[in-house]
Amino acid sequence: MLRTAVGLLTATALLLGAWPASAPAGAAEPERALTAIQKREVADLLEKFHRTRETPDEQAKVVSQLIEIGGPAPAMLLEAVSRELQFLTARYQAEFFKQALALFAKAHAEDASQIDSLRQTVLGLGKDAGLTHEAIVAKADPAMKRLGQLLKIDRAEVLKQAPALQTERKELTELGRLRQRVADVVAKGAATPEAPGPPQFEDVLRGEEEACALLVFAPDDSRRKILMANAALEPKLQVEEARGIRDLNRIRLWLGLKPLKIDVALCEAARDHSKDMVEKKFLGHDSPVPGKRTPWDRAKNFGTSAGAENITGGADTGAAANDIWFHSPGHHMNMLGKHSRVGLGQCKQTWTQMFG
């Protein structure tokens, strides 16, 4: 398991979607070309940028010098920063996973039978046609709480147990801030400056750590590949949508179920329905908007299909929406059902979760 998962982490550049190694699409052509002297200066500074990796203050000075040169220099710097960030993050991911796995193995080596019993307690409720909110609270909640005590791998605890990771993370964060600074400079010359930029690096890095922690619970290659593919797609979603899907898959993995694949089109359909519910001031599966009456219509509009839908209002986070659904019998069954795909869409405090 360790060799395969680390190989997936190393081979999959999860930050590629969030941190492209080039200037943003639509960037304007540089207003002026560099002189021969400036070209040599840029080449020297780019080389110095890589040499000063261990001294963030010096690296920041190099960044300032390259930005000051202007022309194509900032875009060239953006590419260099992005590539270094991708390389260092892939290395960090692999080490974080190994530390998380070691922590999990040490703490939970003898709990297999208890874990299986707790899983059956929760999943057995779904076989009861008379499933109620009260039964979920009385039986599923204690079982899930105990599963959390046995299985939870907290990203902060992983870092606490590995001082070297803390140092690496600090260096990554500094480099992420540098990249954001350069990306902002390059974006000023973009043809479409109103387009949303990438998520802040801290959000992306936290997502990488949570994705690595989830891999600990995946018992086979097929499930690990789903999680890795999801992590690569997360930058296409809103931050809380991605976290909500990750939280749902955590619940499913704790219960021994297969994680669900992110269907970006289903996320778009779900987000669109949440937006309609907010703007039209209704909360329901039947929409008054022409062409969007049913979940199946809405999924088809975005080029995909759906088999079930959950909706709720009043949740600030994806995890909070999941908690509401988990304690509602019909929604609970959808969350733990035999689906293969999922989409989650947020508009303010209104949420739609679609399954396919």
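Between which two strands does the loop that holds Lys-348 lie? In this predicted model, Lys-348 is placed in the loop that links strand 3 (341–347) to strand 4 (350–355).

## Overall composition

The chain contains 15 helices and four strands. Of its 356 residues, 48% count as buried. Considering contacts between residues at least 6 apart in sequence, 78% join residues at least 24 apart.

## Residues with positive phi

Lys-348 has a phi near 55°, a positive value in a residue other than glycine. Most residues other than glycine have a negative phi. With a relative accessible area of 65%, Lys-348 is exposed, the cut-off for that class being over 50%.

Lys-281 also has a positive phi, near 55°, and is likewise not a glycine. Its position is the loop between helix 12 (264–280) and helix 13 (295–301). The relative accessibility of Lys-281 is 74%, and the residue therefore counts as exposed. A glycine with positive phi is Gly-256, where the angle is about 80°; this residue comes just after helix 11.

## Helix 5 against helix 6

Helix 5 (residues 112–125) packs on helix 6 (residues 133–151) at an angle of about 150°, and the axes are 9 Å apart. Angles over 145 degrees count as roughly antiparallel, and the two helices are therefore roughly antiparallel to each other. The crossing of helix 5 past helix 6 is left-handed.

On the side of helix 5, the contact is formed by Gln-114, Ile-115, Leu-118, Arg-119, Thr-121, Val-122 and Leu-125. The residues they meet in helix 6 include Ala-135, Ile-136, Ala-140, Ala-143, Met-144 and Leu-147. By class, this contact has twelve nonpolar, two polar and three charged residues.

## Helix 3 against helix 8

Helix 3 (residues 56–69) and helix 8 (residues 163–187) pack at about 5°, with a separation of 11 Å between their axes. Helix 3 and helix 8 are therefore roughly parallel to each other.

Helix 3 contributes Gln-59, Ala-60, Val-63, Ser-64 and Ile-67, which meet Leu-175, Leu-178, Arg-181, Val-182 and Val-185 of helix 8. The contact of helix 3 with helix 8 has seven nonpolar, two polar and one charged residues. An α-helix has 3.6 residues a turn, so residues three or four places apart point the same way.

Helix 11 (residues 239–254) has 16 residues and reaches 23 Å from its first C-alpha to its last, close to the 22 Å expected at 1.5 Å a residue. Of these 16 residues, 14 are buried, so helix 11 is largely enclosed by the rest of the structure.

The axes of helix 11 and helix 14 (residues 318–326) come within 7 Å and cross at roughly 45°. That angle makes helix 11 oblique to helix 14. Helix 11 passes helix 14 in a right-handed crossing. Here Glu-240, Gly-244, Asp-247, Leu-248 and Ile-251 of helix 11 meet Gly-318, Ala-319, Asn-322 and Phe-326 of helix 14. These residues divide into four nonpolar, three polar and two charged.

## Helix 10

The 13 residues of helix 10 (residues 221–233) should span 18 Å at 1.5 Å a residue, and the end C-alpha atoms are 18 Å apart, which agrees. The buried residues of helix 10 are Arg-223, Arg-224, Ile-226, Leu-227, Met-228, Asn-230 and Ala-231.

Terms used
Residues numbered from 1 in each chain as written. Predicted model: local features only at pLDDT ≥ 70, side-chain atom pairs only at ≥ 80, totals over all residues. Heavy atoms only, no water. Axes fitted to C-alpha atoms, helices over the stretch in contact; angles between N-to-C directions. Parallel < 35°, antiparallel > 145°, perpendicular 65-115°, else oblique. Left-handed = near helix turned anticlockwise from the far one by under 90°. Contact = heavy atoms within 4.5 Å. Nonpolar A, V, L, I, M, F, W, Y, C, P; charged D, E, K, R; others polar. Expected span 1.5 Å × (residues − 1). Buried < 20%, exposed > 50% of the residue type's maximum accessible area, 1.4 Å probe, protein only.
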